[in-house]
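This briefing describes the protein structure shown below.

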Amino acid sequence: MSAEPALTAATGLPDPDAVAPEPAEFRKAMAEFATGVTVVTALDGGEPVGFACQSFTSVSLEPPLILFCADKRGRSWPRIRAAGRFCVNVLGEEQRELCERFGSSRGAKFEGLEWEVSQWGTPALPDVLLGVHAVVHDVHEAGDHEIVIGRVLAVERHVVRDGEWRHPMVFFRSRFGINEPDAPMAPDPWGLGDRWGWG
């Protein structure tokens, strides 16, 4: 028989701190929510930096705002915040190498990679589906992450190749794609070795 959850005196409802899921359980549960995959990039002191990021969405149309979440312990996010402007590069399904490169906490992420500085002063990655160029508008602390609100400067869509529409990279149940049960495990965004948002 499971123990009854502790109730708060004020509301008679379960105490949120007493019933919160363990990190491993929460991670497994959130893997049921399919997301796209992006790489957030910036120039800090002329040097390109970036990290792979699942937690990206639009916020507002007027003004145009987007958000992403970054691990406070990461190496890249403090430099992107200092730069003040960034690009969210939305990956296509065939760009696993880019995801693995930027999802790792090790290695030189831009080494041997073709990229260019956009007219908005941000690193633009090659052949992505979408580039969202923005400035840091606001930052909110949220547990071990920070919620970053960006004011959008411009968008660049690159969805057609050879006359055909391309498909986005999808991350679901710790794998790329939703119809590939035998697909290799993707970099774990909550793992201890490679951490999306850490690099």
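Methionine 30 lies in helix H2, which covers residues 23-30. In this predicted model, the residue is classed as partly exposed because its relative accessible area is 41%, a value between the 20% limit for buried and the 50% limit for exposed. The points below place methionine 30 in a surface patch and then turn to an open sheet and to the chain as a whole.

**Surface patch**

**Open sheet**
- An open sheet is built from 3 strands in the order E1-E13-E14, with antiparallel pairing.
- Its edge strands are E1 (35-36) and E14 (175-176), each of which pairs on one side only.
- Strand E13 (residues 170-172) runs antiparallel to E14, and 2 bridges join them.
- Phenylalanine 172 has arginine 175 in E14 as its bridge partner.
- In general, the strands of a sheet pair through backbone hydrogen bonds, in either a parallel or an antiparallel manner.

**Whole chain**
- The secondary structure of the protein chain consists of 4 helices and 14 strands.
- The protein chain has 199 residues, and 40% of them count as buried.
- Among contacts in the protein chain with a separation of 6 or more, 63% are between residues 24 or more positions apart.

Note on methods
Residues numbered from 1 in each chain as written. Predicted model: local features only at pLDDT ≥ 70, side-chain atom pairs only at ≥ 80, totals over all residues. Heavy atoms only, no water. Buried < 20%, exposed > 50% of the residue type's maximum accessible area, 1.4 Å probe, protein only. Contact = heavy atoms within 4.5 Å. Patch = residues over 30% accessible without salt bridge, like charges linked within 9 Å, V, L, I, M, F, W, Y side chains within 5 Å. Areas by Shrake-Rupley, 256 points an atom, 1.4 Å probe, with all protein chains shown as cover. Salt bridge = Lys/Arg side-chain N within 4 Å of Asp/Glu carboxyl O. Pairing = 2+ DSSP bridges.
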